[in-house]
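Got the viewer open and a hand on the selection tool? Here is a walk through the model, stop by stop.

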Amino acid sequence: MKKWEIGKQYLFRRNFQIHIGNATLANKADDIIESKEGVENNNLALAMFLHHLNTTESPICPIYWCGESYDKLSDISTAISTAKADETKIVAMLKSKFLSWKFKNTKDAPGETIKIITEIEDLTAQHSRIGYYFFMYSFATEKDKHSRAPDDVFKEIAEDESKFSTKVKKPLVFKEITKDENIFYEKARQFLENDKIFAFLIYLGFKSAVLNLKNTKNGQFILDEGISDLLLIYKLFESICKDKTSVREHFLKYGPQAYLYWLQQNLRLYKFNSVAARKIESDIKNVKTGKELSINENHDSLLRIKRNLKDFTELLQNNYLLTHIGLSTDKDINGITTNNTHAFFLGDFYRIAVPVGFLKSIGM
């Protein structure tokens with residue numbers, strides 16, 4: 001166990017067999033060596049053999065893996081939480097499915113423990129770091145659970161044990177991300193990369209919602225059209241927060257197409273000077289949006305407004321200088337005009353041309 005690499009050589013060269021003195025154990029060693037799993041993963045093979053070797057006279061034995069020894073699953077959890085674990089080794093162990101094998105081959109092992117381990121192993125196969133941290137939360141001792149909440153995000157949870165469950169009313173990570181409008185987008189980006197937080201949300205019971213985000217995100221933080229990663233964040237929190245209204249209100253103000261909602265709510269800043277222009281005004285005004293609609297419904301509605309935006313901007317007198325010095329154009333008769341600085345599409349929102357007033361409204 002201590003000289004792991006040499007141990008693997010001893011196992012596969014069979015030069016220890018004469019010293020075993022136990023035919024059953026020797027046969028199990030041969031079975032491991034000749035198995036597909038053992039051939040493909042020598043670390044798994046040695047871990048299996050050490051389990052059999054150390055349970056010949058005792059019903060249980062420590063968890064041996066790559067030179068490390070853990071008496072209990074909570075010991076692995078503690079090693080992870082205190083940054084003493086070798087993440088690469090732990091992830092490799094989980095991906096090998098050694099732990100589920102070990103407990104299935106342990107007398108009277110709790111079925112619930114095997115079920116949780118299997119879930120963690122399957123999760124690690126998809127998302128290594130999420131599985132790694134999910135293990136930490138799943139097998140933390142009672143006294144350590146609260147202290148292992150993600151740093152600077154779930155501190156308040158430690159103060160109220162009732163929040164540390166699937167009954168959580170509003171995951172505090174949403175509150176943390178949205179509390180400061182000046183750094184909201186930076187916080188949202190950080191959230192997307194924080195697998196420790198995702199693991200914690202899965203521990204709280206939101207696995208399906210988290211995996212939907214992780215498996216759908218495409219690296220496009222904000223898109224003018226289509227599915228962006230920021231949109232997926234809102235959909236995640238809408239699905240797990242009981243207070244869905246606050247999530248939807250925030251989406252309409254700060255979401256990837258929020259400038260379109262701002263435009264709809266501020267049409268009074270523009271003067272529509274022709275039949276064609278007034279038709280665009282009516283079409284935008286009549287699109288249903290609001291906090292009573294789901295994120296998906298609001299997203300679809302905003303894209304309907306987006307389809308009118310091309311014609312809107314073609315008719316808009318969008319030159320502030322010309323307007324400021326009082327030079328008239330055909331837009332005064334055939335298009336859309338404004339005298340309000342906030343109404344001009346001269347702002348840049350992640351390479352999207354947006355009204356200046358929208359940027360002001362979100363603190364940019």
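Is Tyr203 buried, partly exposed or exposed? With a relative accessible area of 23%, Tyr203 is partly exposed; buried means under 20% relative accessible area, exposed over 50%, and partly exposed lies in between (1.4 Å probe, protein chains only).

Before the next click, some ground rules. This is a predicted model, where local features need pLDDT of at least 70 and side-chain atom pairs count only at pLDDT 80 or more, while totals for chains, interfaces and linings use all residues. Residues are numbered from 1 along each chain as its sequence is written, and side-chain values use heavy atoms, with hydrogens and water left out.

**Stop 1: the aromatic rings**

The structure holds 23 aromatic pairs. To pair, rings of Phe, Tyr and Trp (its six-membered ring) need centres within 6.5 Å; planes under 30 degrees apart count as stacked, over 60 as edge-to-face and the rest as tilted. Select Phe135 and Phe139 to see a tilted pair, 5.0 Å centre to centre with 45 degrees between the planes. Both Phe135 and Phe139 are buried.

Tyr137 sits in helix 9 (residues 128–138) and Tyr203 in helix 12 (residues 195–203), so the pair ties together parts that are 66 residues apart in sequence. Helices here are DSSP runs (H or I, at least four residues), numbered from the N terminus. Tyr137 counts as buried, at 2% relative accessibility.

**Stop 2: helix 14**

Tyr234 is one of the buried residues of helix 14. Colour the whole helix: ten of its twelve residues are buried, so helix 14 is mostly covered. Among the buried ones are Leu230, Leu231, Leu232 and Ile233, but also Asp229 and Glu238. From first C-alpha to last, helix 14 reaches 17 Å, close to the 16 Å expected at 1.5 Å a residue (the expected span is 1.5 Å times one less than the number of residues).

**Stop 3**

Which helix holds Lys306? Look in helix 18 (residues 295–315). Lys306 counts as buried, at 18% relative accessibility. Setting aside neighbours within four places in sequence, Lys306 is in contact (heavy atoms within 4.5 Å) with Asp224, Glu225, Tyr259 and Leu260. Zoom in on Asp224: a polar contact of 2.4 Å joins the side chains of Lys306 and Asp224. A polar contact is a pair of N or O atoms within 3.5 Å; within protein, one must be able to donate a hydrogen and the other to accept it, and residues adjacent in sequence count only if both atoms are side-chain atoms.

**Stop 4: Glu181**

Select Glu181, in the loop between helix 10 (172–178) and helix 11. Glu181 is partly exposed, with a relative accessible area of 31%. The C-alpha atoms of Glu181 and Gly363 are separated by 6.4 Å, though these residues are 182 apart along the chain. Beyond neighbours within four places in sequence, Glu181 is in contact with Lys253, Tyr254, Ser361, Ile362 and Gly363. Its side chain makes a polar contact with the side chain of Tyr254 (2.8 Å).

**Stop 5: salt bridges**

How many salt bridges are there? The count comes to 17, a salt bridge being a side-chain nitrogen of Lys or Arg within 4 Å of a carboxyl oxygen of Asp or Glu. Pick Asp122 and Lys97, whose closest N and O atoms are 2.8 Å apart. Asp122 lies in helix 8 (residues 111–126) and Lys97 in the loop between helix 6 (87–96) and helix 7 (98–104), so the pair ties together parts 25 residues apart in sequence.

Next comes Glu193 with Lys217, at 3.7 Å between the closest N and O atoms. Glu193 counts as exposed at 59% relative accessibility, whereas Lys217 is partly exposed at 25%. Finish here with Arg14, Asp30 and Glu34, linked in a network of salt bridges.

**Last stop: the cysteines**

Select Cys61 and Cys66: Cys61 counts as buried at 12% relative accessibility, and Cys66 counts as buried at 14%. A search of the whole structure finds zero disulfides (pairs of cysteine sulfur atoms within 2.5 Å).

Technical notes
Helix = DSSP H or I, 4+ residues; strand = E, 2+ residues; numbered from the N terminus.
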